[in-house]
Amino acid sequence: MGTTERKKINIAQPTGKLGVLIPGMGAVTTTFLAGLESLRRGFYPPFGSLTQMGHIRLGRRDAGRQPRIKDVVPLAQLDDIVCAGWDVFPDNCYQAAQKAGVLTQEQLAQVKDYLISLRPMPAVFDRRFVKKLDGPNVKKAATLWDKHVMLAEDIEKFRAQSGAQRLVMIWCGSTEAYLQLSDVHKTLEAFEQGLKKNDPAISSSMVYAYTALKNKIPYINGAPHFTTDIPALLELAQERGVPIAGKDFKTGQTLMKTIVAPGLKARLLGIEGWFSTNILGNRDGEVLEDPESFKSKEVSKLSVLDTILQPDLYPELYSKLHHQVRINYYPPRGDNKEGWDNIDIFGWMGGRMQIKINFLCRDSILAAPLVLDLVLFTDLAQRATMPGIQEWLSFYFKSPMTAPSVYPEHDLFIQLTKLKNTLRYIIGEELITHLGIEYYNYFD
Ligand SMILES: NC(=O)c1ccc[n+]([C@@H]2O[C@H](COP(=O)([O-])OP(=O)(O)OC[C@H]3O[C@@H](n4cnc5c(N)ncnc54)[C@H](O)[C@@H]3O)[C@@H](O)[C@H]2O)c1
């Protein structure tokens, strides 16, 4: 369909419960769950969540229509969300949240009963992909195929017990080691054979994703490793008509980068160097100490500047850019990450300048509302029959998935425009181009 043609989209209403399935119940997940329940009990406004707080302009700028997104887009209600997950540690989510150390004891006490009720199911886990981690709560079976069958049984049990009518899976587990594309990833047939033969190139996250897609459950990847990027799983998502989204939640330093870089580029200021370093003391930081897990993260973090700055079009400004990213595991800081960016820029007549950013951010505080929005929007995509890659959700990711023919869009503001126009499109409203000549007497 051409870009200007409009099609009436029938969106199934979000009736009944929405089940959220979460592999990995660590810092991000427990912060999301505690926040979700706190929102439902009315303790806090939904800070950071576009689906809950965001407004959307509809129609002309002088029409004054700026409703909240959730009032015009048929999204699932917070009270209808039910959650379950898997982890290699058996701690319930109250214990896991305490270990994660993101929220205060008072905040956790307010929703303690809810968090205690959430106990992770045994995980599909292979230490080869996360060397720094080991835990007892894992599935034991001869083949990856058997583990996939066990996951499918977990899901069916949860569906029956919770009464969920729709499901979405979102990976909030650790970052897995960087993987090269191999033959077993290339077709669905090869992948299914690989599951049966325990092919070493199939990671744990791929087993979860395969199980989700096979059961027509959308899959979202919050970590930087490859999962649904492989041709076999892309094929499965299309075949089953299921949305997929990813990858790597855009929080912290990369969020800042995709806010600042488009501004410098817009003013045609050159960048000679961008050095980013972080100290981080949570389990995610520990996992990223392993060079293979860090490689997945590094690839994801480094890619953003290239597509924003387009050095091929602006060689005088950006072709010599030296971009370096470091993450250091530093236990005393726990989840309270500190990031430093030093940006060496130049302007008119080559005049040199520097920008320093010191972001004392809370990674999981930034990531939790993204989990909520992604779950709600991906469920919307499923009900609006939008299978495959959800590029309009790039806004939430460091390393957005796109159609093979296009480069990813990293500029946060283009991403937001794209997201809002997609919502307008889905609900049958005019797209907004920001041209605005209708308010002036030009070209008469
Ligand atoms: N916090 C952020 O802002 C942010 C931003 C971008 C990406 N991420 C990614 O999100 C993920 C979660 O981050 P976090 O801070 O919650 O990390 P975390 O270490 O606190 O939690 C991850 C959990 O996943 C579990 N796990 C690992 N492999 C698993 C498997 N195969 N099955 C089930 N559980 C498994 C671990 O035991 C752990 O409890 C990481 O991959 C991280 O890189 C986080």
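User: Let's start with helix packing. Which residues in H9 meet residues in H10?

Analyst: Contact here takes C-beta atoms, placed from the backbone, within 7 Å. On that basis Met-206, Ala-209, Tyr-210, Leu-213 and Lys-214 from H9 meet Leu-233, Leu-236, Ala-237 and Arg-240 from H10. For the classes, Ala, Val, Leu, Ile, Met, Phe, Trp, Tyr, Cys and Pro are nonpolar, Asp, Glu, Lys and Arg are charged, and the others, Gly among them, are polar. Keep in mind that this is a predicted model, where local features need pLDDT of at least 70 and side-chain atom pairs count only at pLDDT 80 or more, while totals for chains, interfaces and linings use all residues. Residue numbers start from 1 along each chain as its sequence is written.

User: And how do I read the labels and the geometry? At what angle do the axes of H9 and H10 cross?

Analyst: Labels first: helices (H or I, at least four residues) and strands (E, at least two) are DSSP runs, numbered from the N terminus. Axes are lines fitted to C-alpha atoms, for helices over the stretch in contact, with angles from 0 to 180 degrees between N-to-C directions. H9 covers residues 204-214 and H10 covers residues 231-240; their axes come within 9 Å and cross at roughly 15°. Under 35 degrees is called roughly parallel, over 145 roughly antiparallel, 65 to 115 roughly perpendicular, and the rest oblique. That is why H9 and H10 count as roughly parallel to each other. Their crossing is left-handed, meaning the near helix is turned anticlockwise from the far one by less than a right angle (clockwise would be right-handed).

User: How does H8 pack with H10, at what angle?

Analyst: Now the angle is about 110°, and the axes are 8 Å apart, with H8 spanning residues 188-196. So H8 and H10 are roughly perpendicular to each other. H8 also passes H10 in a left-handed crossing. Here Leu-188, Ala-190 and Phe-191 of H8 meet Ala-232, Glu-235 and Leu-236 of H10. The tally for this contact is five nonpolar, no polar and one charged residues.

User: On to sheets. What is the order of the open sheet of four strands?

Analyst: Two strands pair if DSSP finds at least two bridges between them. In this sheet the order is S8-S7-S9-S10, with mixed pairing. S8 (322-329) and S10 (352-362) are the edge strands, each pairing on one side only. Neighbouring strands are turned by 10° against each other on average, direction ignored. S7 and S9 run antiparallel, joined by nine bridges, and Asn-278 stands opposite Gly-339 in S9. S9 (residues 336-346) also pairs with S10 in the antiparallel sense, over eleven bridges. Two partner pairs to find are Ile-345 with Met-353 in S10 and Glu-338 with Leu-360 in S10.

User: What packs on the sheet, touching S9 and S10?

Analyst: Helix H15 (residues 363-383) does, and its direction makes about 75° with that of S10. Back in the hairpin of S9 and S10, five residues sit between the strands, and Met-349 takes a positive phi near 60°.

User: What is the order of the open sheet of seven strands?

Analyst: Read across as S3-S2-S1-S4-S5-S6-S11, with parallel pairing. Its edge strands are S3 (121-122) and S11 (388-389), each of which pairs on one side only. At the S11 end, S6 (residues 243-246) pairs with S11 in the parallel sense over two bridges, and Pro-243 stands opposite Gly-388.

User: Last one: how is the chain divided into domains?

Analyst: Domain bounds come from an automatic or database domain assignment. Domain 1 is 17-249 + 365-426, and domain 2 is 253-362. Their C-alpha centres lie 26 Å apart. The contact takes 27 residues from domain 1 and 29 residues from domain 2. On the domain 1 side, H15 and H16 (412-426) each supply at least two residues. That side has 14 nonpolar, seven polar and six charged residues.

Technical notes. Contact = placed C-beta atoms within 7 Å.
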